[in-house]
Amino acid sequence: MRDIAIIGTPVDLGAGRRGVDLGPGAIRYAGLKERLEELGYRVRDKGNVAVPLAEQLELPAAGEKLRYLDAITEINIQLAREVQAAVADGAFPLILGGDHSLSIGSISGVARGRRIGVIWVDAHGDFNTPETTPSGNIHGMSVAALTGRGNPRLASLLGGGPVLRDSDVVMVGIRDLDPAERAALRQSGIQVFTMHDIDRRGLASVMEEALMRVSMGTAGVHVSLDMDALDPAAAPGVGTPVLGGISYREAHLAMEMIAQSGKLLSMDLVEVNPILDAHNVTAELAVEFALSALGKRIF
Ligand code: LYS
């Protein structure tokens, strides 16, 4: 496929910290469209999904377990429709965030009417539900929702039950789980590759297994890249940094292996926070990793 549809989703309502709403602009500013064109793609920037500012909305009550649920549901339904339209046009959807709650919409759109696999590259499991969340932030609940858990409006965004099977989801780069989230994730059928696994086995072996699992029986693979999977020394511009992440080269290698698999259907680039960044390096990295996932090679 040589057509790419860029869809921005400048949402930060799912996060505890402000600023990732500026991520799509920062990634565009880093030259995403031109650099994809240099790779030989025809790129259409579809602009941004409409997102209200936190300032326009009522402040959630203290202790709220699903902060900004109405707005986030609405944004994700819109995003899912945009993504579905891109797929119907034969284009590759490339979604720019924004906080990780947007993957509920992007993946619901890509998975409409078919079974897909997902590689979730992240420091966090994003497997909380309203019962387990310590923060009430919906960006910590995306994988739970996509596999049918938690709030029904998120878990069945477009209607029709769970979007993903547990066995079709693999997490890579995990190193920060909340206690009840950790227990739930252990009970699920989701394969989790933590930083410990990457340290012991090496990233290549982990990615080989991840790709094999998510490719089995599926129409293809969506990659959801949270920039906080990277070590904060390489990618400082993220909302929820955690020490001990994957290196610059490991991230490239993961994306290069995804490209070589020939299975990639669509991709999210999320949690870029330009306010916390240094000269836009994190957005520039996001562009580089998208290029590697879409076939850019060293030699
Ligand atoms: N686990 C934490 C929470 O639920 C952090 C999630 C970070 C998601 N990007 O709030």
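A residue counts as buried when its relative accessible area is under 20%, as exposed when that area is over 50%, and as partly exposed in between, using a 1.4 Å probe and protein chains only. The structure on display is a predicted model, in which local features need pLDDT of at least 70 and side-chain atom pairs count only at pLDDT 80 or more, whereas totals for chains, interfaces and linings use all residues. Residues are numbered from 1 along each chain as its sequence is written, and side-chain values use heavy atoms, with hydrogens and water left out.

**First stop: Thr129**

Select Thr129, in the loop between strand 4 (117–121) and helix 5 (142–146). Helices (H or I, at least four residues) and strands (E, at least two) are DSSP runs, numbered from the N terminus. Thr129 has a relative accessible area of 12%, and therefore counts as buried. Contact means heavy atoms within 4.5 Å. Leaving aside neighbours within four places in sequence, Thr129 is in contact with Met141, Ala144, Arg149 and Gly150.

Next, select Leu102, which is placed in the loop between strand 3 (92–97) and helix 4. Is Leu102 buried or exposed? Its relative accessible area is 1%, so Leu102 is buried. Not counting residues up to four places away in sequence, Leu102 touches Thr9, Val11, Asn76, Leu79, Ile95, Leu96, Gly97, Asp268 and Val270.

Now display helix 3 (residues 69–88) together with helix 4 (residues 103–110): the two pack at an angle of about 35°, and their axes are 7 Å apart. Axes are lines fitted to C-alpha atoms, for helices over the stretch in contact, and angles run from 0 to 180 degrees between N-to-C directions. Helix 3 and helix 4 form a right-handed crossing. A crossing is right-handed if the near helix is turned clockwise from the far one by less than a right angle, and left-handed if anticlockwise. Among the residues that meet here are Asn76, Leu79 and Val83 of helix 3 and Ile104, Ser108 and Val110 of helix 4.

Select helix 9 (residues 203–215) and helix 10; their axes come within 10 Å and cross at roughly 35°. This crossing of helix 9 and helix 10 is right-handed. The contact includes Leu203, Met207 and Leu211 of helix 9, with Leu253, Met257 and Ile258 among the residues of helix 10.

Move to helix 11 (residues 281–293), whose 13 residues should span 18 Å at 1.5 Å a residue; the end C-alpha atoms are 18 Å apart, which agrees. The expected span is 1.5 Å times one less than the number of residues. Ten of the 13 residues of helix 11 are buried, so this helix is largely enclosed by the rest of the structure. Which elements do the buried residues of helix 11 pack against? They pack against helix 1 (23–29), helix 2 (32–38), strand 7 (221–226), helix 10 (248–261) and strand 8 (264–270). Just after helix 11, Gly295 takes a positive phi of about 110°.

**Last stop: aromatic rings**

Rings of Phe, Tyr and Trp (its six-membered ring) pair if their centres lie within 6.5 Å; planes under 30 degrees apart count as stacked, over 60 as edge-to-face and the rest as tilted. By this rule there is one aromatic pair. Select Tyr248 and Phe289: their ring centres are 6.2 Å apart and their planes lie at 50°, so the pair is tilted. Tyr248 lies in helix 10 and Phe289 in helix 11, so the pair ties together parts that are 41 residues apart in sequence. Phe289 is buried, at 0% relative accessible area, whereas Tyr248, at 35%, counts as partly exposed.
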